[in-house]
Amino acid sequence: MVYNHGTPYVTPHILHKHYAQAHDAEVSNLIGRDLEYFSQAGFDMDRIQIKRNAPPALLYEDAIRNEGAVVSSSGALINFSGKKTGRSPKDKRIVYEETSKDEIWWGSVNIKMDEHTFEINRERAIDYLNTRENVYVFDGYAGWDPKYRIKVRVICARAYHALFMNNMLIRPTEEELANFGEPDFIIYNAGQFPANRFTKGMSSTTSVEINFKRMEMVILGTEYAGEMKKGVFSVMHYLQPVKFGQLSLHSSANVGQDGDVTLFFGLSGTGKTTLSADPLRKLIGDDEHVWSDTGVFNIEGGCYAKCINLSAEKEPEIFGAIRFGSVLENVVYNPISRVPDYDDASITENTRCAYPIEFIPNAQIPCHVASQPKNIIMLTCDAFGVLPPVSKLTPEQASYHFLAGYTSKTPGTEDGVLEPIPTFSTCYSAPFIVLHPGRYAEMLAERMAQHNVDCWLINTGWTGGKFGTGKRCPLKYTRRIVDAVHSGELAKAEYETFGVFNLQVPTSLEGVPRELLNPRIAWPNKEAFDREVRKLAGMFQKAFALYESDVDEKVRLAGPRTA
């Protein structure tokens, strides 16, 4: 736009760089007890500017101005997490203290940290945040059911992190924010600053740690936003069974027109987000839920979808959600048109988008359904290519496969994973599990029996051969199978027994090739298939040995047999 006198019109904050910043300060809204909290926590209130629950537009401006972010052609914010583009599970710690030490399942997943080391890292994080000009605070909720939700406060130094948690937590109304009070859980994210490797218990410059006595989390040495999301889940995975007596699950969930709820279990890359985004059903959530005495509710206020090979044709709901307010993480884009290239994995396979759940047209808002599940779908990504695309499980088999949690780690979901690796992730959530797996499994079995829930094992992995020779099961067939679960077709189908694993597989399903339903038929080399089946069965037996002493004999016998 050019005025008659010839002077080009530009917005004031471009002419005067401090114009926008002067108004930005107004968003802190810190008064009274809130101000006192930050002072007592060690924040230098005379030096830093705290921006509390800043609107997305302001966070966009700060991320573009200070972090090198760009706006995509569809309006999403594209930003980058630096060196770490996935979670760092080997650097996760839980503080060993008297209030929770007897509840935690200690081991390689939940590594002990002493309280003194936590205090050192906490102070290191706050000291770093005190050096930043802008500190962002987001206050929100975890859990859509008011009876079981917790108040979460995120304190960070990157606008992209604040926008990410604005999307992933449940956003409070103005009235709720004004009366927010003391948070139940606090995240100090100083991920741009490294941990001191010489501090006791540190294995690298990255540290992700949770203290259940203080109800605090400290992040150092990683800017991957997913660490905050999974930190909140770890806390809910502890509090829901221990404090509330409810079952927290690493699952997606949707609901049909008749109120029939389906839970989808599975780790990253198995299809939870994709398969639960169904145009014929309302989405309750894509990743974290609680199965309560009165129904099912989402823990989160948004979705964190994988973007690799994303297209409008394959996943229209997710594709359409990538607009203003969404965060595209580590996605390559055309520098001229700003169009994202979802097929480009040069930064990472683990490209992601975080968006508010309201961006899904058929989301169930509020994300809470007062009806019990009708179906449970356990998703696995089988890199050996031998498990059927769908099997109907007995109650004992459901408990067995829930505890075993077989899948394959897919590229990018964790730091350093470059190709699928077979793994057993108990309760389909081993990286985030806090209590002994048997505790979650027992609660699941009780609820399934009480409400007569059908359970299905669906393999979204390879067919016709193992990884490298076979191919990934086409999404259109997996969707057809899921549709048949919901319509009741599969419940009425004829079944045959699938060999070593003693699984019941349908003999036919309209729209799905016969050779796909029985993987042995799809393999050209039957001897090679039989070898891979026995190999995988042996891995199941070895992995399940960890839980054999804690389960009923019927559950132990529900697994594969090699003899």
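Q: Where is Ser 248 placed?
A: Helices (H or I, at least four residues) and strands (E, at least two) are DSSP runs, numbered from the N terminus. Here, Ser 248 lies in strand β11 (residues 247–255). This is a predicted model, where local features need pLDDT of at least 70, side-chain atom pairs count only at pLDDT 80 or more, and totals for chains, interfaces and linings use all residues. Residues are numbered from 1 along each chain as its sequence is written, and side-chain values use heavy atoms, leaving out hydrogens and water.

Q: Is Ser 248 buried or exposed?
A: Buried means under 20% relative accessible area, exposed over 50%, partly exposed in between (1.4 Å probe, protein chains only). With a relative accessible area of 1%, Ser 248 is buried.

Q: Which residues is Ser 248 in contact with, leaving aside its neighbours within four places in sequence?
A: Contact means heavy atoms within 4.5 Å. For Ser 248, the residues in contact beyond those neighbours include Met 236, His 289 and Tyr 440.

Q: How many bridges join β11 to β12?
A: Two strands pair if DSSP finds at least two bridges between them. β11 and β12 run antiparallel, joined by five bridges. Ser 251 stands opposite Phe 265 in β12.

Q: Why is β12 largely enclosed by the rest of the structure?
A: Five of the five residues of β12 (residues 261–265) are buried, so the strand is largely enclosed. Val 261, Leu 263 and Phe 265 cover one side, with Thr 262 and Phe 264 on the other.

Q: In which sense do β12 and β20 pair?
A: β12 pairs with strand β20 (residues 373–380) in the parallel sense, over five bridges. Val 261 has Pro 373 as its bridge partner in β20.
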